[in-house]
Amino acid sequence: MITTLLFFLFAGFAIACAGLMVYHKNPLYSAISLIGVFIALACIYMLLAAPFIAAVQVLVYAGAIMVLVIFVIMLLNLEEDKPLTRLRHLYLIGSILGLVLLAQTLFIFYAVKKSPQSAQEQADAGLTLNIGRAMFTEYLLPVEIAGVLLLMAIVGAMVLSRRLKETRLDIAQKEKRR
Amino acid sequence: MEPTLASYLALSGILFTIGAVGVIFKRNAIGMFMCIELMLNAVNITFVGFSRFYNDATGQLFVFMVMSVAAAEAAIGLGIIIAFFRNRISVDVDDASILKN
């Protein structure tokens, strides 16, 4: 009973924050709403008996990635989103896509019959011990590939942020200084 | 009445829908980036849900992989956005039209 109550509380919070994220024109408000979604999802993971994933969710998503995003928003000093000037038919396409996806979501309730209706009695899969054991025995190669991917991302980010020639931003700043 | 697997999948589907619609509606690149992060998180709920209902750690391993991909995507994506801002003084995706024609 209490699980159901908490599920609907956190699910409602996540959906409301996600809606606000798309609704807000100011990117900073969107980012803060997205942090709300991430915290609510961490609570949902706790309900699903996955404390390790919940902790990593808060550390990596709400901690690292969103701080980086907010850092970039502050650095670029973004103004508010302008409404669509051209490609106005995108609103129609987006609405149709949303309706189709929502219909598929409702179809889940009819389709999911074979899967277990109630959770397993023992819930030890989410313990850090079992995840670590699986990570370093059965799934060692994928974990190492993920490490190589992160290394490539570091190198790529450094290459991207290198300044090869004078950009338009440099010229604008030089003229402002004059 | 405990929440069943279907309710977790439905939550995931609703969040994915909001993210997909947001990618189309948002104008600035950072907004689109955040909507993509939301879609990745929606998929993570299905992984953890299946992991719980079958008591199998594989789903949670996969969430770990998705998170490292999201971290790599954040580094590269924000690098691209900053490089784009330097050359266009804007992050509006409508200004990214150098390959047109």
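Trainee: How do the axes of α1(A) and α1(B) stand, that is, within what distance do they come and at what angle do they cross?
Mentor: This is a predicted model. In it, the axes of α1(A) and α1(B) come within 9 Å and cross at roughly 5 degrees.

Trainee: Why are α1(A) and α1(B) called roughly parallel to each other?
Mentor: Angles under 35 degrees count as roughly parallel. The crossing angle is roughly 5 degrees, and α1(A) and α1(B) are therefore roughly parallel to each other.

Trainee: Which residues of α1(A) and α1(B) meet?
Mentor: On the α1(A) side they include Phe7(A), Ala11(A), Ile15(A) and Val22(A), and on the α1(B) side they include Leu11(B), Ile14(B), Ile18(B) and Phe25(B). The residues of this contact divide into 13 nonpolar, three polar and no charged.

Trainee: What makes α6(A) and α3(B) roughly parallel to each other?
Mentor: The axes of α6(A) and helix α3 (residues 58–88) of chain B cross at roughly 10 degrees and come within 9 Å. The criterion is an angle under 35 degrees, so α6(A) and α3(B) are roughly parallel to each other. Residues that meet include Leu149(A), Ala153(A) and Ala157(A) in α6(A), and Ala72(B), Ile76(B) and Gly79(B) in α3(B). This contact divides into 16 nonpolar, three polar and no charged.

Trainee: How many residues of chain A are in contact with chain B, and how do they divide?
Mentor: In chain A, 78 residues are in contact with 65 residues of chain B. Helices α1 (2–23), α2 (27–47), α3 (51–76), α4 (89–111), α5 (128–136), α6 (140–160) and α7 (168–177) of chain A each supply at least two residues of the side that touches chain B. The residues of that side divide into 57 nonpolar, 18 polar and three charged.

Trainee: What is the secondary structure of chain A, and why is chain A called more spread out than a compact globule?
Mentor: Chain A has seven helices and zero strands. Its radius of gyration is 22 Å, whereas the globule rule gives 16 Å for 178 residues, so chain A is more spread out than a compact globule. The C-alpha atoms of chain A fill a box of roughly 70 × 45 × 25 Å along the principal axes. Buried residues make up 23% of the 178 residues in chain A.

Trainee: Why is Phe16(B) called buried?
Mentor: The threshold is 20 or more other C-beta atoms within 10 Å. Phe16(B) has 23, so it is buried. This residue lies in helix α1 (residues 5–25) of chain B. Leaving aside residues up to four places away in sequence, Phe16(B) touches Leu101(A), Met39(B) and Ala42(B).

Trainee: What makes Asn55(B) partly exposed?
Mentor: Asn55(B) has 17 other C-beta atoms within 10 Å. Buried requires 20 or more and exposed requires 12 or fewer, so Asn55(B) is partly exposed. Asn55(B) is in the loop between α2 and α3 of chain B. It has a positive phi of about 50 degrees although it is not a glycine.

Trainee: What confidence scores accompany the model?
Mentor: The model scores ipTM 0.92 and pTM 0.89. Chain B averages a pLDDT of 88, and 98% of the residues score at least 70.

Key:
Residues are numbered from 1 along each chain as its sequence is written. Chains are lettered from A and ligands numbered from 1 in the order in which they are written. This is a predicted model: local features need pLDDT of at least 70, side-chain atom pairs count only at pLDDT 80 or more; totals for chains, interfaces and linings use all residues. Helices (H or I, at least four residues) and strands (E, at least two) are DSSP runs, numbered from the N terminus. Two residues are in contact if their C-beta atoms, placed from the backbone, lie within 7 Å. Ala, Val, Leu, Ile, Met, Phe, Trp, Tyr, Cys and Pro count as nonpolar, Asp, Glu, Lys and Arg as charged, and the others, Gly among them, as polar. The radius of gyration is taken over C-alpha atoms; the globule rule is 2.2 Å times the number of residues to the power 0.38. Axes are lines fitted to C-alpha atoms, for helices over the stretch in contact, and angles run from 0 to 180 degrees between N-to-C directions. Angles under 35 degrees count as roughly parallel, over 145 as roughly antiparallel, 65 to 115 as roughly perpendicular and the rest as oblique. pLDDT is the predictor's confidence in each residue, from 0 to 100.
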